[in-house]
Amino acid sequence: MKTILDVQDLSVSFDVYGGVVQAVRGVSFSVKEGEAVAIVGESGSGKSVTAQTIMRLIATPPGKINRGSIVFDGQDLLSLSEKEMQKVRGNKIGMIFQDPMTSLNPTMTVGKQIMEGLMKHQRLSRSAAKKRAIELLSMVGIPHAESRISQYPHHFSGGMRQRVVIAIALACNPALLIADEPTTALDVTIQAQILRLMKDLQQQTKTSIILITHDLGIVADMCDRVIVMYAGQIVETGTKREIFRNPQHPYTKGLLNSLPRLDQAKDEPLVPIYGTPPDLIKPPQGCGFCSRCDEAMRICETDVPEMTAISDTQTVRCWLQHVRARPTEMDSGKGASA
Amino acid sequence: MQQEINLNTASNASPDRFMKIGRDPNRAERIERKSLTAWQDIRYRLFANKLAMFGLYLMIAIVLMAIFAPLFSHYNYFSNDLDHTNQAPSFKHWFGTDDLGRDMYVRTWKGAQVSLFVGVVAALIDLFIGIVYGGIMGYFGGKVDEIMNRIAEVLYAIPYLLIVILLLVVMPPSLTTIIVAMSITGWINMAWIVRGQIMQLKNQEYALASKALGAGSFRIIFRHLIPNAMGPILVTLTLTVPGAMFTEAFLSFLGLGVQSPVASWGTMINDGVKAMTVYPWRLLFPALFLSLSMFAFNVFGDGLRDAFDPKLKK
Amino acid sequence: MIRYILNKFIFMFLSLFVLVTATFALMNAVPGSPLQSEKATTEQIQKNMEAYYGLDKPLIQQYGLYLKKLAQFDLGISMKKRFQSVNKMISQSFGYSLRLGIVSIITSVLAGCVLGIIAAMYHRKFLDNLAMVIAVIGLAIPSMVMAPLLQYLFSVKLRMFPVTGLKEPLAYVLPTIALSSVSIAFIARLIRATMIEVLHADFIKTAKAKGLGGHLIVWRHALRNSMLPVVTYLGYLAANVITGSVIIEQIFAIPGMGKFFVQCVIDRDYPLIMGTTIFYAVLLIATRFLADIAYVLVDPRIRISAGKVGG
């Protein structure tokens with residue numbers, strides 16, 4: 001399968017009051033045609049910044065892209081001018097945002113908001129764009145699309161609005177859809193519907209999807225591959241099966257342990273991950289997770305581990321993979337823990 | 001079987017570097033950014049705003065001059081000197097003299113006294129009525145709030161200048177009349193701000209906790225809520241002053257305010273306009289200082305607002 | 001929507017009523033008969049005049065009569081100017097003020113919006129700073145300073161515009177600038193602040209993600225949302241223009257309502273003051289009412305619950 005997006009060594013920082021936040025520190029990954037990839041991590045892990053950088057939506061300043069390349073469909077997006085980038089946005093890459101309540105313009109009818117992109121990118125006439133917008137609205141499951149198209153966003157419920165946002169994102173049949181926490185702001189019952197819809201649409205349109213989320217639960221439902229981010233770096237990647245069945249990084253394990261499972265014994269407690277992520281104004285010298293890691297070793301404090309391949313599809317960034325880590329694991333026991 | 005790749009990156013790593021040390025809560029909770037209290041933060045942002053600080057210094061300078069300049073001059077603001085009328089600025093009369101030979105320097109600062117006095121007193125009256133009225137509205141809510149709010153709304157819709165002028169028609173023109181007239185509707189804005197703040201704050205934990213401990217309603221309003229609503233109140237207060245100064249100058253300009261011989265920037269400007277083609281300095285000084293003071297208060301008020309509302313700052 | 005407008009209408013009416021009553025009460029609180037100042041009149045003439053003006057009737061009846069006449073748009077008769085009707089005197093002068101006022105309001109909104117939009121689009125860049133410096137200066141220089149300054153510079157010294165009057169189109173330039181400078185500054189700052197906030201809103205991100213260009217985003221998406229506070233400001237703008245016109249007309253010797261109003265206040269011509277005040281009040285309160293309705297039209301989310309929009 002063809003690779004549609006290839007991100008290499010991406011680094012993004014933000015100037016804020018008090019210093020420079022290294023939000024994304026050398027992130028590399030790729031997405032194949034028709035594939036659904038999840039980027040998982042807690043807030044501040046850099047997953048949203050990564051997504052917005054692909055769309056070149058971060059404001060510069062305060063944001064700054066320091067290094068790296070984002071090759072999409074043979075073009076490095078970072079080398080494009082703003083004008084050229086506008087031809088990519090909405091046309092070849094669509095994006096869905098977190099909060100449907102605020103991501104639609106309250107003073108414009110939903111129809112116009114869908115038609116805008118169509119008229120710009122596909123040069124459709126007003127009437128053709130309207131026809132297509134009605135199609136799109138029915139496609140995302142909004143009944144009576146012909147009449148609802150001239151209504152304003154406040155006439156729609158949260159779930160319905162997210163459907164409109166999806167229709168906007170898919171209007172021009174993009175090759176890649178970036179969904180930034182698309183269900184976080186929705187009720188649980190609506191979440192499932194929206195995910196179902198996205199999954200169906202993906203099968204119909206063969207669009208690649210990058211799903212940004214902090215919720216491993218929805219990953220299991222939707223995605224082929226998982227990228228786990230922590231403190232601005234990728235700590236583990238793998239297929240859905242590998243990540244859920246055979247997690248290697250202590251952080252990934254922690255995420256899974258803090259998730260309730262159906263096969264869990266009644267009295268088995270959920271294990272939280274203690275502590276808070278490091279402040280990225282002063283990124284840690286070693287592994288970002290070491291202060292919260294039960295398995296931490298001395299080297300974790302001082303040296304950043306390399307990416308290690310576990311299988312053809314799974315890689316992990318952890319010193320525990322090092323050959324020397326095995327014996328010490330045996331003899332240090334539990335005594336060293338503070 | 002796959003660890004070979006790693007070996008070179010830590011090839012000089014001795015085995016003890018792989019000793020397990022585990023989770024360290026001290027390292028985990030370390031906070032890198034220095035933390036500031038709310039007031040320190042506000043002060044920092046205010047002091048960093050050069051324009052606002054310039055406004056503040058200008059304000060202080062004008063206030064000091066208004067107080068001391070007339071004291072340390074051997075002229076006064078009311079004595080006529082018909083032998084030296086309409087003199088241009090000189091070492092003797094720094095700002096020149098007017099058509100009655102009065103020293104413009106002293107009169108300008110006397111005008112500043114009047115202007116600042118009206119501005120500050122009007123702002124303080126607005127503050128007092130606004131806090132009491134708005135505090136009651138916000139704290140009790142419900143029917144009380146609705147009725148009081150309606151009253152305020154009806155009053156607010158009446159153009160305040162008309163009220164001022166109407167009052168001035170039936171009362172003798174004086175500083176008191178101006179201030180009373182301005183206060184009739186001036187407090188409403190402040191009341192709404194206080195109301196909004198209190199509505200927002202009153203359901204927060206500490207007000208509830210205080211109530212649970214048996215504190216009376218008024219005690220809660222004045223001891224807990226007002227200090228926390230300080231920011232917007234202070235900003236409104238600062239921005240009320242230039243408005244009141246303008247109104248005073250406006251009324252005096254029209255001959256409805258302060259009466260001669262007391263100096264007011266408004267009357268001086270009015271006199272200056274008539275003479276501006278021949279004696280431009282008679283317009284220049286009162287006009288300049290009125291504008292400067294309004295500039296200073298506006299700029300400082302803006303800075304204060306930005307300092308209290310960091311989301312606008314970024 | 002209907003309820004909202006009805007609600008606003010009732011408030012408009014109540015405010016007017018309070019003002020009308022207050023005006024009446026104040027005018028009657030003046031010690032002595034308003035006719036006393038007329039020169040050497042005999043007691044009989046005095047009585048006749050009081051009867052003519054209805055001043056011999058009890059206060060309540062006078063009040064009723066006054067309300068009735070108001071309902072018929074009859075503002076009474078001047079006491080000083082040979083019994084001319086107030087209506088006629090207003091109609092003679094109002095035309096000047098209205099033309100100047102409309103020109104000023106349009107100028108304020110247009111110039112304010114342009115300045116504010118430029119500032120917001122180039123936020124934290126040179127043009128933003130420049131626009132805001134202009135705005136702060138505009139805000140700090142009151143009309144009574146601005147007007148003579150402009151007059152001195154451009155009319156007296158440079159002779160570019162007529163010094164006084166409103167006879168030719170060119171004559172409008174300086175009074176309009178002097179009358180609108182504060183409002184321009186105010187609107188510019190208002191637009192800038194709201195637009196910067198709007199430009200950070202999520203739906204702007206959606207618009208960008210659609211591939212729209214910066215200008216299209218500002219015009220199509222941000223502007224309308226940023227206009228909301230300006231619409232509410234229109235009521236105050238009208239008040240500002242009327243207040244300002246009192247001074248501007250004085251300085252530029254324009255025979256409009258403002259000049260006329262000050263004159264009648266200085267003359268203490270009570271019926272005239274009453275009539276003019278009420279005329280102004282109707283004008284201002286009606287403008288504010290229209291602004292409230294305009295708000296509903298601009299913002300599709302009809303805010304029935306909001307008692308006062310924008311405080």
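Helices (H or I, at least four residues) and strands (E, at least two) are DSSP runs, numbered from the N terminus. This is a predicted model, where local features need pLDDT of at least 70, side-chain atom pairs count only at pLDDT 80 or more, and totals for chains, interfaces and linings use all residues. Residues are numbered from 1 along each chain as its sequence is written, while chains are lettered from A and ligands numbered from 1 in the order in which they are written.

**Exercise 1.** Find where His144(A) lies, and decide whether it is buried or exposed.

*Solution.* Start with the place: His144(A) sits in the loop between helix 4 (126–139) and helix 5 (145–148) of chain A. Next, the backbone: its phi is near 55°, a positive value in a residue other than glycine. Now the cut-offs: a residue is buried if 20 or more other C-beta atoms (placed from the backbone) lie within 10 Å of its own, exposed if 12 or fewer, and partly exposed in between. His144(A) has 10 other C-beta atoms within 10 Å, so it's exposed.

**Exercise 2.** Work out why helix 8 of chain C is largely enclosed.

*Solution.* Count first: 7 of the 8 residues of helix 8 (residues 202–209) of chain C are buried, so the rest of the structure largely encloses it. Among them are Phe203(C), Ile204(C) and Lys205(C). Then look for the partners: the buried residues pack against strand 6 (93–96) and helix 6 (158–170) of chain A, plus helix 7 (173–199) and helix 9 (214–251) of chain C. Packing here rests on contacts (C-beta atoms, placed from the backbone, within 7 Å). Finally, step just past helix 8 of chain C: Gly211(C) takes a positive phi of about 95°.

How values were computed. Two residues are in contact if their C-beta atoms, placed from the backbone, lie within 7 Å.
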